[in-house]
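Subject: Structure handover

Hello,

Here is the structure for you to look over. My notes on what was found in it follow below.

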Amino acid sequence: MKNQLKAMFTKAEFYMLTQYKVGKIYDMMMGETLQVYMYWCNMVWNRLSIPRRRFISWLVVQHRSQTTEKLARIGVSSSLACVICDQGDEIHKHLFSECPYIKISLLETKSWFGITVATQSLNRLIVWIDRSKKSKFRKNVWHANIYAFVYSVWRCKNDSYWQDLITRPHFLTDNCKRVVKERIRVVLPTIMAR
Ligand SMILES: [Zn+2]
């Protein structure tokens, strides 16, 4: 529950809620969670993203992938700190939304793909894309972009943890563009041929 609240609100936003009811907060959380679950049920066949990227993204939106903070809690890591920036505990929200290093790439990636919503939350991005009035193809491209981004961050974090290698943010962005463009090039002809 605490982690889900952290994923929905920043500390400042939470303190700005002058009054709240537990039931209302629960409805908000379930509303967003249900929307994301429904989205995944519908989008499991998005062929513009390969299964490996979809799987990692699915773990990440559920906060089930391994972070340094989790590893520290079970005694595998000696530190909770983000292995990329070393400026905060490496929880999911930090790693995929708030890490200053990753933020640069997320902003660049969103801008390049024409995703105009300001949010940095992965769940909110997914819901926003799903609700947008764009074509199904455009939505699939955007979702594929989000999966590519999450997968790139996950690899960047592992490279840093295991090999002391930090990938430049611009490289993460370029990688997202490249894998999505390549996937469209491979998949689009088979879709058009139907
Ligand atoms: Zn960080």
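Asp164 lies in the loop between H9 and helix H10 (169–192); helices here are DSSP runs of H or I with at least four residues, strands are runs of E with at least two, and both are numbered from the N terminus. This is a predicted model, in which local features need pLDDT of at least 70, side-chain atom pairs count only at pLDDT 80 or more, and totals for chains, interfaces and linings use all residues. Residues are numbered from 1 along each chain as its sequence is written.

Although Asp164 is not a glycine, its phi is positive, about 60°. Asp164 has 8 other C-beta atoms within 10 Å and is therefore exposed. The cut-offs, with C-beta atoms placed from the backbone, are 20 or more other C-beta atoms within 10 Å of a residue's own for buried, 12 or fewer for exposed, and anything in between for partly exposed.

Asp86 is another residue other than glycine with a positive phi, near 60°. Asp86 sits in the loop between helix H5 (68–73) and H6, and is exposed, with 12 other C-beta atoms within 10 Å. His63, which follows H4, also has a positive phi, near 60°. For background, most residues other than glycine have a negative phi.

H4 and H9

Helix H4 (residues 51–61) packs against helix H9 (residues 136–163) at an angle of about 80°, and their axes are 8 Å apart. Axes are lines fitted to C-alpha atoms, for helices over the stretch in contact, and angles run from 0 to 180 degrees between N-to-C directions. H4 and H9 are therefore roughly perpendicular to each other (under 35 degrees is roughly parallel, over 145 roughly antiparallel, 65 to 115 roughly perpendicular, and the rest oblique). H4 brings Arg53, Arg54, Ile56, Ser57 and Val60 to the contact, and H9 brings Ile146, Tyr147, Ala148, Val150, Tyr151 and Trp154; two residues are in contact if their C-beta atoms, placed from the backbone, lie within 7 Å.

The buried residues of H4 are Arg53, Arg54, Ser57, Val60 and Val61. They cover an arc of only 125° around the axis, so they are on the same side of H4; the arc is that of the directions from the helix axis to the C-beta atoms. Pro51 and Arg52, on the other side of H4, are exposed.

Core and H8

The largest nonpolar core has 33 residues, and Ile102, Leu122, Ile146, Ala148, Val150 and Val153 have the most contacts inside it. Such a core is a set of buried Ala, Val, Leu, Ile, Met, Phe, Trp, Tyr and Cys residues joined through C-beta atoms within 7 Å. Two or more residues each come from H4, H6, helix H7 (100–113), H8, H9 and H10, and H9 gives the most, with 12 residues. Not counting residues up to four places away in sequence, Ile102 touches Ile84, Leu95, Phe96 and Val153.

In helix H8 (residues 122–131), Leu122, Asn123, Leu125, Ile126 and Ile129 are buried. Seen down the axis of H8, these residues fall within an arc of 160°, so they line one face of the helix.

Glu98

Glu98 belongs to helix H6 (residues 92–98) and counts as partly exposed because it has 19 C-beta neighbours inside 10 Å. Beyond residues up to four places away in sequence, Glu98 touches Gly88, Lys93 and Lys103. Glu98 and Gln120 are 22 residues apart in sequence and 7.6 Å apart in space, C-alpha to C-alpha.

Regards
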